[in-house]
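Q: I have a sequence and a structure open. Please show me how to read the features one by one.

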Amino acid sequence: MKRREFLKTAGIMGGMGLTAPSLLSSCGYDNTLKESDIKDAYQTQLLVVGGGPSGVCAAIAAARMGIKTLLVDSGNCLGGTGTKGLVGPFMTCYDAAGEKMIIKGLFEEVVNQLVERGGALHPKDIRQGTEFTAWISSGHDHCTPFDPEILKIVYEHMCLEAGVKILYNASFVKAVMSGRMIKGAILLTPSGLEKVQADWVIDATGNGCVAADAGAPYVFGDPESKRVQPASLFFRINNVDTDRLVADVVPHLPEFRRVNGVSYRCLHWRVAEAEAAGEWDLARKSVNMFRSVEKDQWVINCSRIHNVDPTNAENLTAAETEGRRQVQELMNFFHKYVPGGENATLMGTGSIMGIRESRHILGDYIMPVQSLIDGIIPDDVVLLAANSIDVHGAQGGPAGGLYMPIKKNMYGLPYRCLVPKDIEGLHITGRCISADSAAAGAVRVMPPAMGLGQASGIAAALCIKNKTTASKVDYTDIRKELTKQNVYLI
């Protein structure tokens, strides 16, 4: 499928989903099946739905506080975008000046374990404007190249060591509700439909599936522009002659520029050659490629698919098909146009699409992008970060985007963004937190998502222990435990 054909047929479908009866029917069950007929399979204090970076950290943080924790994921490993999606590297965890590591806690533990196993290069050693950052400077200082296969092992090891029970191949179906209180979830597993009863639930699905199904209000994408950020299918290549590739890029560094939102960076001169020959059909003018841990291995973030609704199966299927078409086009590009890429081998494509945006659950506070730009640190801060605002497709046509560095050295993310409106017994974490579209464009990347996951796990554990609600839990207790778990706060 050509990109223009995909864009013609695929549109944002909104927050559409199947009703419970139709879903049960599609699984081969009678429409009259009642919730009471579904097997009570698990009883736990905390249920974390989604085993991506945010969900993993939520589960570990709570389990370390003595909470019986069940972490479920629809796939067969932990890590989400970083493992199944092959998204890399970890973006910056330092302040805007590049002087101090400010995202610490469980994120730092993960990095240290990766480094010990030979699966990462420490961010302190990775500076902006190098092949490890796609030769990008703004917002890319102190990234962390990592090996996704070793990351799977590290996440699993840390969860099991903390006492987290992991359940793979378990897809979320429905929230179990008692009025406005969530009491667990129905899952589809190889064993059939199974119910989890839980005292508390954390939605770490990325798309806010649990919160939306439970009845929490949300917006889809950017309500003003009526669109979501484009998706990408990441892939990894090896057998690259990195010395020759670097030698081709470095003389062109003074030409790197952004024009009307469109980036002309790595290999833009080679892209121009391919375009002239009719062998470039991607909505990009350059190639985002990051050198990985091994010298001949690179992570490619260049495919771009617009109008993807990850909550709609047909739309997402078309996007994944188009993503693989674009990967093949890019492999042809490397073989034919890139010095050092002639013998590059495709190591693998992401088994899940790299989704940048879908639902934004509305919480007790909707974080505006201006508070990030101005470096506001709220009274209920649970994470400090300095990630730039990065909204793909926001301007400059299909190839463009909005990229804005912050004005201060860091900003703070408030606890209130993790508390959904109208639902009790639930926290949200990851890219579906309560923030406007542009603000979410900064904190959707993995280091902040891991920090927010740790905060949500701590808050959930305190709510369970103190028998209180998410809105009434004492922030002083949250802060004390964050500090105890090595989270950097000021």
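Q: How many of the residues of α12 are buried?

A: Buried means under 20% relative accessible area, exposed means over 50%, and partly exposed lies in between (1.4 Å probe, protein chains only). In this predicted model, 19 of the 21 residues of α12 are buried, so the helix is mostly covered. Just after α12, Lys467 takes a positive phi of about 50°.

Q: What rules stand behind these values?

A: The model is predicted: local features need pLDDT of at least 70, side-chain atom pairs count only at pLDDT 80 or more, and totals for chains, interfaces and linings use all residues. Residues are numbered from 1 along each chain as its sequence is written, and side-chain values use heavy atoms, with hydrogens and water left out.

Q: Where is confidence lowest in the protein chain, and where is it highest?

A: pLDDT is the predictor's confidence in each residue, from 0 to 100. Where pLDDT is low, the predicted coordinates should not be read in detail. Here the chain has a mean of 93, and 93% of its residues reach 70 or more. Helix α2 (residues 20-26) is lowest, at a mean of 43, while strand β2 (residues 69-72) is highest, at 99. Over residues 1-29 pLDDT stays under 50.

Q: What span does helix α9 reach from its first C-alpha to its last?

A: Helices (H or I, at least four residues) and strands (E, at least two) are DSSP runs, numbered from the N terminus. The expected span of a helix is 1.5 Å times one less than its number of residues. Helix α9 (residues 313-337) has 25 residues and reaches 36 Å, close to the 36 Å expected. Helix α12 (residues 446-466) reaches 30 Å, close to the 30 Å expected.

Q: Which residue caps the N-terminal end of α9?

A: Asn312 does. One of its side-chain oxygens lies 3.3 Å from the backbone nitrogen of Glu314.

Q: How many aromatic pairs does the structure hold?

A: A pair of aromatic rings is described by the distance of the centres and the angle of the planes. Rings of Phe, Tyr and Trp (its six-membered ring) pair if their centres lie within 6.5 Å; planes under 30 degrees apart count as stacked, over 60 as edge-to-face and the rest as tilted. The structure holds six such pairs. One of them is Phe90 with Phe146, stacked at 4.4 Å centre to centre and 25° between the planes. Phe90 lies in the loop between β2 and α4 (105-116), and Phe146 in the loop between α4 and α5 (148-162), so the pair ties together parts that are 56 residues apart in sequence. Phe90 is buried, at 0% relative accessible area. Phe146 is buried too, at 4%. Ring pairs also link Trp280, Phe333, Phe334 and Tyr337 into a cluster.

Q: Which residues join through a cis peptide bond?

A: Most residues other than glycine have a negative phi, and most peptide bonds are trans. Gly88 and Pro89 are joined by a cis bond, with omega about -5°. Pro89 lies in the loop between β2 and α4.

Q: Is Leu267 buried or exposed?

A: Leu267 is buried, with a relative accessible area of 0%. Leu267 is not a glycine, yet it has a positive phi of about 65°. Its place is in the loop between β10 (262-264) and α8. Asn307 also has a positive phi, of about 60°. Asn307 counts as partly exposed, at 26% relative accessibility.

Note on methods: Contact = heavy atoms within 4.5 Å. Polar contact = N/O pair within 3.5 Å; in protein donor to acceptor, adjacent residues only side chain to side chain.
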